[in-house]
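Please keep the sequence and the model in view while reading.

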Amino acid sequence: MASYDVIIIGGGPGGYVSAIRCAQLGLKTACVEGREALGGTCLNVGCIPSKALLHASHMLHEAEHNFTKMGLKGKSPSVDWPQMLAYKDDVIGQNTKGIEFLFKKNKVDWIKGWATIPEAGKVKVGDDIHEAKNIVIASGSEPSTLPGVEVDEKIVVTSTGALALPKTPKKMVVIGAGVIGLELGSVYARLGAEVTVIEFLDQITPGMDGKVAKTFQRILKKQGLNFVMGAAVQSVETLKTKAKVNYKLRKDDSEHQVDADVVLVATGRRPYTEGLGLDKLGVKMTERGQIATDAHWATNIPGIYAIGDVIEGPMLAHKAEDEGMAVAEQIAGKHGHVNYSVIPGVIYTAPEVAAVGQTEEEVKASGRAYKVGEFSFMGNGRAKAVFQGEGFVKMIVDKETDRILGCHIIGPAAGDLIHEICVAMEFGASAQDVALTCHAHPTFSEAVREAALACGDGAIHA
Ligand code: NAI
């Protein structure tokens, strides 16, 4: 039995970042993780492996569609799927080992196994009971299930199975036009699959700015993805090597069926708290099965905190990381803080989609007077040079003060460009502050500046 200042349960982006920060702040820290490798869903079966497959399939797409235009002749590469998976696994390995190294460097103990909290101040892993003045639950989330749909991770898969298919499908049905469905749907469409996305609502990516969502769907359609909107999946029947997906159109209740080699269920994730013993401890939960916390990530049980996907808020690795650092600071007697109004969201398709702050719909609903500045990547020389003129930057500002309320980008490197606006918003900047900042030419970032200019006297290249 060992005694710690802090034990963190879960080695994903929330947990491992929190553990490192706790150790850096002088606290004796351990992190419990039951997987073979640190890094949680994000590094093992989520963000990182999907980015490897998105990158590889994007390269193939470029070779097939743009190489000859640039004077690069010759046969397009063909897909060696086992090698692509090996590349993905290598990327995972490098990243998860990196965290192991960081734990050693910062003197964080990795307790291998699955944790239970028998009582406040104690964490049980296997037969060992460890003492902890503070416990941080960072146990993440798991894919949520759908009634009538049984996941076997072979034919009917979640994102986990979709990242390790034995072969690329010819026909794929994706249930849910959210982030996971569109990222992984894009991968397999680029690798040659006929992909049909079935979405319950009438808009893809719920919560996204309406104009961006419409443009995004149009671009994805052009890339070959088929969409069935306003459709509720009723059931999935699996045969030996195939599946049939039954759905009802909401507008007229008509019943339809589509078959596939692989069905990806991407209808959201739910908090993962199994086996922690929270019921017995009396930890307060929300109606949606999340752990209830106060503004400092404390649960109703003294000495027990929770962060990341198990609590309220967007299920994003970087939100969990920020909470992980902030809770470490709180435990160390400092003033950890997360600004929830400036958390970016990124979808790593091509083009990328990124957003921070409020959508136009949200600003409108709030009743505030606002202005919108937009700039198309067609007016950006760099984007056109690399066949990425599709998309735009949309900035929403307060009409009176010019303060930036939100920014939405669909276009090249959107996921990186958005951070200029995150920093600007953290500083309470106006669009004019961005417009008056010199941006290097030729870069994609000039489109952000032009959108800021469009909030004032007008963009130059529009
Ligand atoms: P999501 O919540 O983003 O999207 C789920 C979609 O499924 C919604 O559009 C919803 O309307 C639809 N849906 C729900 N039930 C349905 C039904 N019965 N039939 C048809 N459609 C249905 O969830 P997703 O994509 O599974 O992602 C889970 C979480 O992981 C999200 O919180 C997401 O933010 C996070 N994530 C983030 C990534 C990123 O930041 N790039 C990448 C992957 C996941």
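In this predicted model, the residues that line the second largest pocket divide into seven nonpolar, eight polar and six charged. That pocket has a volume of about 530 Å³, and of the 21 residues in its lining, the closest to its centre are His-61, Gln-223, Ala-350, Phe-387 and Glu-390. Helix H3 (47-65), helix H6 (179-190) and H7 are the elements that each give two or more residues to this lining, and the largest share, five residues, comes from H3.

| Helix | Residues | Number of residues | Span, first to last C-alpha | Expected span |
|---|---|---|---|---|
| H7 | 210-222 | 13 residues | 19 Å | 18 Å |
| H12 | 414-426 | 13 residues | 19 Å | 18 Å |

The buried residues of H7 include Val-212, Phe-216, Ile-219 and Leu-220, and H7 is followed by Gly-224, whose phi is positive, near 110°.

In H12, the buried residues are Ala-414, Gly-415, Leu-417, Ile-418, Ile-421, Cys-422, Ala-424 and Met-425. Seen down the axis of H12, these buried residues fall within an arc of 165°, so they line one face of the helix. An α-helix has 3.6 residues a turn, so residues three or four places apart point the same way. The buried residues of H12 pack against several elements, among them strand S19 (352-357), strand S22 (404-411) and helix H14 (446-454). Just after H12, Gly-428 takes a positive phi of about 65°.

Methods:
Residues numbered from 1 in each chain as written. Predicted model: local features only at pLDDT ≥ 70, side-chain atom pairs only at ≥ 80, totals over all residues. Heavy atoms only, no water. Helix = DSSP H or I, 4+ residues; strand = E, 2+ residues; numbered from the N terminus. Expected span 1.5 Å × (residues − 1). Buried < 20%, exposed > 50% of the residue type's maximum accessible area, 1.4 Å probe, protein only. 1 Å grid on protein atoms, 1.4 Å probe; cavity = no way out; pocket = protein on both sides within 12 Å on 5 of 7 lines; lining within 4 Å. Points joined across faces, edges and corners; volume = space filled by probe spheres on them. Nonpolar A, V, L, I, M, F, W, Y, C, P; charged D, E, K, R; others polar. Arc of directions from axis to C-beta. Contact = heavy atoms within 4.5 Å.
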